[in-house]
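Welcome! Please take a look at the model below, and then we can walk through some of its features together.

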Amino acid sequence: MTHDDDRGGTSSPIRLGALEKQVMGLLWDHEPLTVRQIIELSPAEPAYTTIATVLTNLERKGLVSRERRGRSVLHAPVVSREQHTARTMQAALIDGGDRAASILHFVEGIDAADIRLLRDYLDAKGAAE
């Protein structure tokens, strides 16, 4: 986690297109994967070149790394699904206008288990500081 992630305010999320989201989802669930494995796991049968291009774009965006193993090239996510989600939520808070009001509306919408999780985290963080 970077300092930006700790502060939660300056890391900008990387927006993903529909196919990029699908590929990232497969990589988060099954990493590492080859292009062929991604095609086999996809609900549709995208062209090899389409997936290769998507992976190149995701690599350029800093979300995916590639590693050659023998004759295969394996692709793996660089950030976790949770890190990506947190960055997206941070961006929404920044873009949402009144940050405090947005946080309070968000908390009002989460269930009791998530509130307990948040309370326990804040209590532990407060005890550590």
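## Ground rules

Buried means under 20% relative accessible area, exposed means over 50%, and partly exposed lies in between (1.4 Å probe, protein chains only). This is a predicted model, in which local features need pLDDT of at least 70 and side-chain atom pairs count only at pLDDT 80 or more, while totals for chains, interfaces and linings use all residues. Residues are numbered from 1 along each chain as its sequence is written, and side-chain values use heavy atoms, leaving out hydrogens and water.

## Salt bridges

With a salt bridge taken as a side-chain nitrogen of Lys or Arg within 4 Å of a carboxyl oxygen of Asp or Glu, the count comes to five. One of them joins Asp 29 and Arg 81, at 2.4 Å from N to O. Asp 29 belongs to helix 2 (residues 18-30) and Arg 81 to helix 5 (residues 81-95), so this pair ties together parts 52 residues apart in sequence. Helices here are DSSP runs (H or I, at least four residues), numbered from the N terminus.

Another salt bridge links Glu 59 with Arg 66, whose closest N and O atoms are 2.7 Å apart. Arg 69 and Glu 67 also meet in a salt bridge (3.2 Å, N to O). Arg 69 is partly exposed at 47% relative accessibility, and Glu 67 is partly exposed at 42%.

## Helix 7

Helix 7 covers residues 112-128 and includes Tyr 121.

Methods:
Helices (H or I, at least four residues) and strands (E, at least two) are DSSP runs, numbered from the N terminus.
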